[in-house]
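User: I would like to learn how to read the features of a model like this one, step by step. Could you take me through it, giving the general idea and then the case at hand?

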Amino acid sequence: MKEIYCDNSATTPIYPAVIKEMEQYFTQIWGNPSSIYARGRIAKEALINAKERIAKILNCNPNEIYFTSGGSESDNLFIKGCFKENSAIITSPIEHPAIMNSCKAIHKLGAIQITLPVNKFGIIDMDEVKQIEQLIKKENPIYASVMLVNNETGMIQPIKELCNYLKSIVPNIIFHTDAVQAAGKVKLDVKELGVDALSLSGHKFGAPKGIGILYLKDGIKCSPLIDGGGQEQGLRSGTENIPYIMGITKALELTYFGFENHLYKMEEFDTNFINALFNEFSDISINGSIYDRVAGVVNVCFKGINA
């Protein structure tokens, strides 16, 4: 029986072109990019090239790209690295555990957490957010973190609107979005979104597990979680994993070059799949909303079945 894999939100298979891209960095260009001799310099050039290629997709500067071990580390690095004593952070109740548990960690250090309200579909309710404007101003949070796409329901959060609103009432706030589940499903343009930081995880879009990206706007002060040789502009020490870095770079390019055509196919398949579900089952409902949702992530429940 042929397997039909339906859980790309959990992880994706590696694209064959990504494996091919990575091979030469295992067998030929295997130098340490921190070394000053020729083999190291070649590896360093690859690292610089990767940041330039990713920056072009995300619409940022290459020096604003940092490589991590994945989305969880990127989230932790932002939340814990930007923490200041007695600071406040804004989050939502629908965040990934990497954000939730990082917030718990800084709460133990004295941080105040402001949780934004969501509506019955699991989307940030901007009208209710505005109802707590005085609380937000009073606590004067230094940063916020709200995911772009929910990993279980696929609901798209109003990041641009929320970011603009928070910055209008707390001008110096630093806004981060966990875009791990958004990659390949929505356009990722950090300037258009208005965000100051963004997390990605390679294995969600055709790269290997164990490699991630943190976009961090130039000028934001963030302390490292890992001390060592000062790689990644001093923010993330440890010898850079060049094969995986080139892998995530290639995967991101494959994901976003020709994105409109890819998105059209996803939306067509998504519509057909949902229609087939409703035609086949009478006692079925969508968790979240049929609207304001990315194509490709469907969360359903069946009446009378506890799952």
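Predicted model: local features only at pLDDT ≥ 70, side-chain atom pairs only at ≥ 80, totals over all residues.

User: Where does Lys187 lie, and which residues does Lys187 touch?

Analyst: Lys187 lies in the loop between β5 (174–178) and α8 (190–193); helices (H or I, at least four residues) and strands (E, at least two) are DSSP runs, numbered from the N terminus. Not counting residues up to four places away in sequence, Lys187 touches Glu192, Tyr256 and Phe259, contact being heavy atoms within 4.5 Å.

User: How is an aromatic pair read, and how many does a search of the whole structure find?

Analyst: A pair of aromatic rings is described by the distance of the centres and the angle of the planes. Rings of Phe, Tyr and Trp (its six-membered ring) pair if their centres lie within 6.5 Å, and planes under 30 degrees apart count as stacked, over 60 as edge-to-face and the rest as tilted. The search of the whole structure finds four aromatic pairs, one of which joins Phe269 and Phe273, stacked at 6.4 Å centre to centre with 10° between the planes.

User: Where do Phe269 and Phe273 lie, and is Phe269 buried or exposed?

Analyst: An α-helix has 3.6 residues a turn, so residues three or four places apart point the same way. Both Phe269 and Phe273 belong to helix α10 (residues 259–280), four residues apart, about one turn of the helix. Phe269 is exposed, with a relative accessible area of 61%, and Phe273 is partly exposed, at 40%.

User: Why is the pair of Phe281 and Phe302 edge-to-face?

Analyst: The ring centres of Phe281 and Phe302 are 5.1 Å apart and their planes stand at 80°, so this pair is edge-to-face. The pair links distant parts of the chain, 21 residues apart, with Phe281 in the loop between α10 and β8 (284–286) and Phe302 in strand β9 (residues 300–302). Phe281 is partly exposed at a relative accessible area of 37%, and Phe302 is also partly exposed, at 28%.

User: What about burial, and why is helix α3 largely enclosed?

Analyst: In soluble globular proteins, nonpolar side chains tend to be buried together. Helix α3 (residues 71–81) is largely enclosed by the rest of the structure because nine of its eleven residues are buried, among them Glu73, Asp75, Leu77 and Phe78. A nonpolar core is a set of buried Ala, Val, Leu, Ile, Met, Phe, Trp, Tyr and Cys residues joined through side-chain atoms within 4.5 Å. The largest has 61 residues, and Phe67 and Leu148 are among those that touch the most other members; its largest share, eight residues, comes from helix α2 (residues 38–58). Apart from this core lies another, of 19 residues, including Leu77 and Tyr143.

User: In which sense do strands β2 and β3 pair?

Analyst: Strand β2 (residues 88–91) and strand β3 (residues 112–115) pair in the parallel sense over four bridges, where pairing requires that DSSP finds at least two bridges between two strands. Thr91 has Thr115 in β3 as its bridge partner.

Terms used
Residues numbered from 1 in each chain as written. Heavy atoms only, no water. Buried < 20%, exposed > 50% of the residue type's maximum accessible area, 1.4 Å probe, protein only.
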